[in-house]
Each structure stands twice: as C-alpha cells, then as structure tokens.
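Trainee: I would like to go through the labels used here. Where shall we start?

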Amino acid sequence: MTRFVLGGEVRRSVRPVAAMSFAYYASFSTFWVYVGVYAVKGLHWPASRVGLLFLISAPGAAAANYLSGRVSDRTGRKPLIVASFLGSAANMSLLAAFGHTTAVAFVLVVAQGVIGAPAFSLDRVLVADLVDNRAEREEAYAGVRVASNLGALVGPPLGALLVVLGGWTAFLLGIAAIGLAGGVFTALFVPGRPRVPDAEKGRGSLRAVVRDRPFALLLLSSLLAYGDYCGFETVLPVIAVASYGLAPSTWGLLVAISPALVVLGQLRLTRASGRMPPAPRIAAATLLMGLPFLALLVSTSVAVIAAVIVLFMAGEMVWMPTSQAVAAELAPEAVRGTYFGALAAMTGPAWTLAPFVAFELRDQAGVHAVWLLFAAIAVASAVAGAAAVRASGLGRGADRRDLRAGRVVSGQEVEGDEPVTQ
C-alpha cells in the first residue's frame with residue numbers, strides 16, 4: 001500500500017531519521033507556519049513588530065544552523081538533535097506560560113530559531129552518515145522529504161484544531177508535547193554517529209568551506225535557489241491576494257498543492273530524474289523554480305497560478321535531493337556537519353533579503369519586475385549549480401573519495417578524503 005501511494009518505500013536505514021523529521025515538521029515547523037498569526041491574533045502585536053521579529057530571527061537561525069553542524073562534527077549528531085527537541089519543547093512551554101509579556105514573548109520566539117536549528121538541519125547530515133552509496137543517497141533524501149512533508153500536512157490542521165479547542169495555550173503545549181515525543185524517539189531509535197578521532201577534529205572551518213571552490217559554488221546556487229523558494233512561499237501569496245485579488249481561502253487551497261505533490265510524487269520523480277547527469281539535472285531543476293513565474297506576466301488567473309505552483313514544485317522536488325546528495329559527495333566525512341551547516345545557513349540570508357528586495361521592487365517598479373527578478377535568480381542559480389558539479393568532477397562519474405594524491409580537483413591537491421590547499 002505504501003509503495004502504491006508514495007511510489008516507493010523509504011530506505012530501512014533512514015526510516016528512524018524520516019520519523020524524526022516527521023515529528024519536527026508536525027511540531028516546531030508548524031509553529032513557524034502559525035507564528036505570524038499567533039503574534040497578531042494571540043499577542044495582539046502590530047504588523048511592524050511581526051516584521052521585526054522575522055528580520056531578527058532569520059540571521060540567528062542561520063548562524064545556529066552552521067554552528068550546530070560544526071559542533072556535531074565533534075559531539076555527534078544525535079545529542080544535539082535530542083537537546084534541540086527537548087529545548088524547543090521547553091521553550092514552547094515557557095511561551096505558553098509567559099507569552100502575555102511582550103518582551104519575553106519576543107525573546108522566546110527569536111530563541112526558538114536558534115534552539116530548533118539542530119533538529120531542523122542535522123537530519124540531512126545523518127542521511128549522509130548512514131548511506132554510503134552515492135546512487136542511493138538521492139532516494140534516501142527523497143524518502144526523508146516525504147516524511148517531513150507528511151508532517152507539514154498533518155501539523156497545521158492539528159494546530160488549527162488545538163487553537164479552536166483550547167486557544168493559543170493549547171496550541172503551544174500541543175506542539176511541545178509532539179516535540180517531546182520526537183526527542184524521546186530520537187534518543188531511543190535514531191542511530192548515533194561514530195566518534196570522530198581527535199586527529200580529525202577541528203579540520204573544518206567556514207574559511208575552509210568557502211575556499212573549497214565546488215562547494216562554494218554549490219552554496220551560491222543554494223542561496224539563490226532558496227531566494228526563489230522564498231518568492232514562492234512569502235512573495236507570491238502576498239501579491240496574489242493584495243495585487244491579483246485572490247481570496248485568502250483560495251490561496252489556502254492552492255498552497256496545499258505543494259505538500260501533496262511531495263508526498264505523492266517525490267519518490268517517483270527522484271527515481272525518474274536520476275537518469276539525467278547531475279549537472280544538467282540541478283540546472284533544469286533550479287530553472288523550473290524560477291522561470292514559471294514569467295507566466296504571471298501574461299495571466300494572473302487561478303489556473304495559471306496553480307500551474308506555476310505545480311512547475312515550481314516539480315523543480316524543487318528534483319533540486320532538493322540532488323543538491324543534498326551532491327553536498328554529501330563534496331563534504332569530507334570528518335567535517336561533514338560543518339559543510340552541511342554552511343549549506344543550511346543559506347536559508348537565513350535568503351529569507352531575510354528575498355522578501356525585502358521583492359516588495360521594494362514591487363513598490364518601485366511594479367509587480368512584473370518581481371517575477372523578472374525571480375526568473376533571473378533562477379538562471380544564476382542554474383549556472384552556479386551546474387558549475388559546482390562540473391568543477392568537482394562528479395558530472396564525469398568521479399567520487400572525491402576516489403581522487404587520490406597526485407590528482408587535482410578544482411585547483412586543490414587531494415590527500416585521501418580531504419582537499420589540501422596548495
């Protein structure tokens with residue numbers, strides 16, 4: 001039955017990670033879906049304070065994503081994830097108890113982005129730790145994405161039910177309870193990473209990550225792709241409702257397309273697109289995440305907006321597991337967390353800058369200029385992503401673990417698994 005509905009099965013080795021990801025998205029990710037509404041309706045904050053909340057939260061969460069990855073190279077992934085779940089549950093409980101105080105509530109919401117970073121970002125590192133085979137990693141990442149999107153489907157309706165039955169206090173405590181269960185499950189069932197030898201510790205730094213040319217190109221591509229993602233999640237709904245006259249309830253129905261597509265199509269699409277080499281695949285995927293916005297220059301009907309969502313999600317479903325599998329291949333094993341932490345940190349600048357720039361551009365140059373911007377971002381992301389794969393040699397079937405001394409990857413000598421700057 002699972003194979004019929006989902007188009008395949010989640011790999012046995014990553015099922016605990018998938019369940020952990022489901023728990024996160026059903027709980028703390030749901031909190032971020034509702035936090036703006038909670039601030040306005042539950043705490044009676046003005047819109048300007050809500051905007052400031054998001055502006056301050058994003059950089060802290062981005063830094064925490066990077067640092068949690070780097071620390072996990074020393075401590076292992078599992079202790080940080082468990083602490084993140086339990087700390088987030090405690091933070092939700094404090095918010096339920098003291099949220100009526102504006103300053104306290106503001107601090108606790110901002111802190112949630114930092115506390116929740118390991119549970120949000122380290123699942124993809126665990127997949128790389130648990131699945132050695134390059135060809136199997138993409139399907140493993142796809143399986144975890146299906147679980148996380150199931151959580152995204154279940155969480156918001158459950159949150160709405162809790163608000164109706166018991167108000168915002170019940171909502172926060174319900175999220176805390178699911179998070180607590182996720183932490184206990186992680187502690188009991190998610191495999192830990194073997195201890196990193198002392199000699200391997202400290203070999204990763206942000207400077208080393210940025211100087212790794214293929215990975216730096218992948219970071220740039222991901223930053224731009226996340227920018228288009230923000231265009232889809234934050235800019236499109238505002239413009240659709242405010243400029244195109246779409247009813248909020250209609251947008252609510254349209255946005256449900258995205259998690260449903262991931263649940264039903266992710267494994268199928270990952271398997272089908274796997275026949276394409278990674279460089280053109282990552283380029284085509286990022287182009288699909290931005291170029292469909294150009295259709296809105298011609299028509300703004302509900303049918304066209306729905307088509308844009310479908311095409312965007314098709315690109316996103318190919319891009320996400322492909323980019324994560326490429327990152328796993330590029331990241332040296334001993335500092336894999338640092339590399340993935342830097343990758344996760346790209347969400348921060350994207351979520352901070354993309355909506356700000358897009359709405360400023362709308363006010364200054366009109367709505368059409370916004371969609372031209374996101375199309376241009378997609379082209380730049382495609383170029384950078386394809387260049388990252390080609391510079392690494394992965395597009396020719398190479399594997400960094402097979403590139404030994406005397407061979408060169410993008411201007412760096414390779415010694416064992418580690419690039420050593422000349």
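Mentor: With patches. They are made of residues with over 30% relative accessible area and no salt bridge; like charges are joined within 9 Å, nonpolar side chains (Val, Leu, Ile, Met, Phe, Trp, Tyr) within 5 Å. A salt bridge is a side-chain nitrogen of Lys or Arg within 4 Å of a carboxyl oxygen of Asp or Glu. Areas use the Shrake-Rupley method with a 1.4 Å probe, and for residues only the protein chains shown count as cover. The model is predicted: local features need pLDDT of at least 70, side-chain atom pairs pLDDT 80 or more, while totals for chains, interfaces and linings use all residues. Residues are numbered from 1 along each chain as its sequence is written, and side-chain values use heavy atoms, without hydrogens and water.

Trainee: Which residues make the nonpolar surface patch?

Mentor: Phe22, Leu150, Leu153, Val154, Leu158, Leu161, Val164 and Leu165, over about 680 Å².

Trainee: Why is Leu153 called partly exposed?

Mentor: Buried means under 20% relative accessible area, exposed over 50%, partly exposed in between. Leu153 has 34%, so partly exposed is the label.

Trainee: What makes the Phe28 and Phe85 pair tilted?

Mentor: Rings of Phe, Tyr and Trp (its six-membered ring) pair if their centres lie within 6.5 Å; planes under 30 degrees apart count as stacked, over 60 as edge-to-face, the rest as tilted. Phe28 and Phe85 have centres 6.1 Å apart and planes at 50°, so their pair is tilted.

Trainee: Are Phe28 and Phe85 buried or exposed?

Mentor: Phe28 is at 1%, so buried. Phe85 is at 0%, so buried as well.

Definitions and conventions. Buried means under 20% relative accessible area, exposed over 50%, partly exposed in between (1.4 Å probe, protein chains only).
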